[in-house]
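Please read it with the sequence and the structure side by side.

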Amino acid sequence: GNDNCIFQFQLLKGKLIAKDTFRLGDPWPNRISVTGISVNNSKGVLYAVTQMDKCLYIIDIKSHRILKKVPLGAEGYTCQLSHDKSKLYISLWGGEKILIYGIQSNEIIHSIPVGSHPNDFCQRRDGKLLYVANAEDNTVSVVNLQTERVIETLDAALFPGSLTGSTTN
């Protein structure tokens, strides 16, 4: 949130114990605001997207050093590694698209237009499809991850004529 840090906890005897803190910058009014994270334990890297400064932070878990800060162009909502950990999917709540960040190339390699205010998403177990919740237009975009294109848009409204933003968050 607006403390501009990520807290790591450990479950010990049924209780959460504070274990570590990763700081992206000084707290509010410094505008960063972490919104989503993903961890690649095999590479020892933490990925974090932010709302206020609209960036992807790539952080070394051991040293806590920010390895790279990538401007996203719009408010990030969440991020998730592909099943094979070769790509990082990023939803841009303020950008009506999903970005694909190449782990090897260390750059944004593609963007996929989706509905309005994409937020959370999940991958199918076989890694072939990504389901993107679009909060502003009450839809779910179904993305083929091999072709990197939307193949279907599902209406997720509670009833016909539902107010925008009433579902799919």
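1. Strands (E, at least two residues) and helices (H or I, at least four residues) are taken here as DSSP runs, numbered from the N terminus. L72 is found in the loop between strand 6 and strand 7. The model is a predicted one, in which local features need pLDDT of at least 70 and side-chain atom pairs count only at pLDDT 80 or more, whereas totals for chains, interfaces and linings use all residues. Residues are numbered from 1 along each chain as its sequence is written, and side-chain values use heavy atoms, with hydrogens and water left out.

2. The surroundings of L72 deserve attention. When neighbours within four places in sequence are set aside, L72 is in contact (heavy atoms within 4.5 Å) with V49, K54, C55, L56, I90, L92, L99 and I108. The C-alpha atoms of L72 and P118 are separated by 14 Å, and these residues are 46 residues apart along the chain.

3. An open sheet of four strands has the order 3-4-5-6, and its pairing is antiparallel; two strands pair if DSSP finds at least two bridges between them. Strand 3 (34-40) and strand 6 stand at the edges with a single partner strand each, so one side of each has no neighbour in the sheet. The twist in this sheet averages 15° from one strand to the next, where axes are lines fitted to C-alpha atoms (for helices over the stretch in contact) and angles run from 0 to 180 degrees between N-to-C directions. Strand 4 and strand 5 run antiparallel and are joined by five bridges. Y47 has I58 in strand 5 as its bridge partner.

4. A further open sheet of four strands has the order 7-8-9-10, with antiparallel pairing. The edges are taken by strand 7 (76-81) and strand 10 (107-113), each of which has a single partner strand, so one side of each is left without a neighbour in the sheet. Neighbouring strands of this sheet are turned by 25° against each other on average, direction ignored. Within the sheet, strand 8 (residues 87-92) runs antiparallel to strand 9 (residues 97-102), and six bridges join them. L88 stands opposite Y101 in strand 9.

5. How many salt bridges does a search of the whole structure find? The search finds three, a salt bridge being a side-chain nitrogen of Lys or Arg within 4 Å of a carboxyl oxygen of Asp or Glu. As background, side chains of opposite charge can pair when their charged atoms come close.

6. K69 is partly exposed, at 47% relative accessibility.

7. Another salt bridge is formed by E148 and K87, with the closest N and O atoms 3.0 Å apart. E148 lies in the loop between strand 13 (139-144) and strand 14 (149-155) while K87 is in strand 8, so the pair ties together parts that are 61 residues apart in sequence. E148 counts as buried at 15% relative accessibility, whereas K87 is partly exposed at 22%.

8. R124 and D126 also form a salt bridge, and their closest N and O atoms are 2.7 Å apart. R124 is partly exposed at 35% relative accessibility, and D126 is partly exposed at 42%.

9. Strand 11 (residues 118-123) and strand 12 (residues 129-134) run antiparallel and are joined by four bridges. The bridge partner of P118 in strand 12 is N134. Five residues lie between the strands of this hairpin, in which G127 takes a positive phi near 75°.

10. Leaving aside neighbours within four places in sequence, the residues in contact with S141 include V114, G115, L130, Y131, V132, N134 and V150.

Notes:
Buried means under 20% relative accessible area, exposed over 50%, partly exposed in between (1.4 Å probe, protein chains only).
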